[in-house]
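Okay, everyone, let me put the model up on the screen. I'll walk through a handful of spots, and you can follow along on the structure.

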Amino acid sequence: MSVEAIAETLKPPNAPGGRAYRRHGLLAYFNCFRGIVWREVLRFLHQRERFLSALVRPLVWLFIFAAGFRQVLGISIIPPYQTYVLYETYVTPGLLGMILLFNAMQSSLSMVYDRETGAMRTLLVSPFPRWFLLSSKLLGGVAVALLQVYTFLFIAYFWEIEPDWPALQIGVGQGDDFFGISIPPPFNGYITVLPAIVMSGLMLGALALFMSSVIRQLENFAGVMNFVIFPMFFASSALYPLWKIRESSPLLYEICWFNPFTNAVDLIRFSFYGHLNVTALLVVLGCLVFFLGAAIFAYNPSKGLIARRGGPRG
């Protein structure tokens, strides 16, 4: 579905060519949301190179770097692990975070491209509030990220990387008196990690939305990669535990601890094994509200950063 087709469904009831169902507010909102999300999914599915590159990057870390670092980085017993784990097991949640981070930045790039081609103006002139349009765009990016994340987990399963905690029981009673559904591993971990992936994807996507209001041209995206994405990824617990960083550099440890991406990875890591990291959850939620609020303000046509540059270019 093209941007023009989406905008056609967003016309108010009294607009020329308006359809009768547009008078129903909730239905109109649903069609708007569906059109934006479906456009993001179709764009991703039609770009096979993007899908392959999104998988190659974490798979290289998993199959090549993890094999080399296994002998260098010994992972001690740290939560949520109950025993010693191999390095590839430790790094897998961090690679899930990598997929979310780079997908969010790809969404930021597409926003800049849409602004330069004029597609964004077509969308933002609709009668729907901009917070709803931006939130729909954000959820569309998360839907695309979910496709990438679970494809990666499917491949990692054949590498014997899977959650191995006891079966997830949903029901009443215990032992022989239990009545309900019992979800065995590894499917229990794939289910419990879903909310963490969605929350982390929303937080990183909101950051990318705000950054798209700052980036003026596609050529500037390389600078964003160097000064935002890579520092966020490497200065985190994605590839190595924070206690090892604290042993070598207390200052770097503090930087990693305050990194929102660290909390996103920890939230994914704990939920993958059926635990809840409350601190990481609160940080991710707080950053989500802050970044999304900043993005909505930045795209405000009268007050935000877009307004100071003369609005979306058409």
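Glu160 sits in the loop between α6 (130-157) and β1 (168-172); helices here are DSSP runs of H or I with at least four residues, strands are E runs of at least two, and both are numbered from the N terminus. Its phi is near 65°, a positive value in a residue other than glycine. Is Glu160 buried or exposed? Glu160 counts as exposed, at 71% relative accessibility. For the cut-offs, buried is under 20% relative accessible area, exposed is over 50%, and partly exposed is in between, with a 1.4 Å probe and protein chains only.

Quick housekeeping: this is a predicted model, so local features need pLDDT of at least 70 and side-chain atom pairs count only at pLDDT 80 or more, while totals for chains, interfaces and linings use all residues. Residues are numbered from 1 along each chain as its sequence is written, and side-chain values use heavy atoms, with hydrogens and water left out.

Now the inside. The largest nonpolar core has 68 residues, and Met105, Phe152, Met203, Leu204 and Phe261 have the most contacts inside it. By core I mean buried Ala, Val, Leu, Ile, Met, Phe, Trp, Tyr and Cys residues joined through side-chain atoms within 4.5 Å. Several helices supply at least two residues each, including α3 (48-69), α7 (187-214) and α12 (278-298). Which helix gives the largest share of this core? That's α4, with 14 residues. Apart from this core lies another one, of seven residues, among them Ala28, Cys32, Phe128 and Phe132.

Back to Met203. Skipping neighbours within four places in sequence, Met203 is in contact (heavy atoms within 4.5 Å) with Pro260, Ala264, Val284, Cys287, Leu288 and Phe291.

Ser107 is in helix α4 and is buried, at 15% relative accessible area. Leaving out neighbours within four places, Ser107 is in contact with Arg50 and Gly141. Asn31, in helix α2 (residues 25-46), is also buried, at 12%. What does the side chain of Asn31 reach? The backbone oxygen of Leu27, at 2.7 Å.

Last, the outside. Ile64 lies in helix α3 and is exposed, with a relative accessible area of 56%. Along with Leu52, Val56, Val60, Phe65 and Phe69, Ile64 makes a nonpolar surface patch of about 500 Å². Patch residues have over 30% relative accessible area and no salt bridge (a Lys or Arg side-chain nitrogen within 4 Å of an Asp or Glu carboxyl oxygen), and nonpolar side chains are joined within 5 Å.

Note on methods: Polar contact = N/O pair within 3.5 Å; in protein donor to acceptor, adjacent residues only side chain to side chain. Patch = residues over 30% accessible without salt bridge, like charges linked within 9 Å, V, L, I, M, F, W, Y side chains within 5 Å. Areas by Shrake-Rupley, 256 points an atom, 1.4 Å probe, with all protein chains shown as cover.
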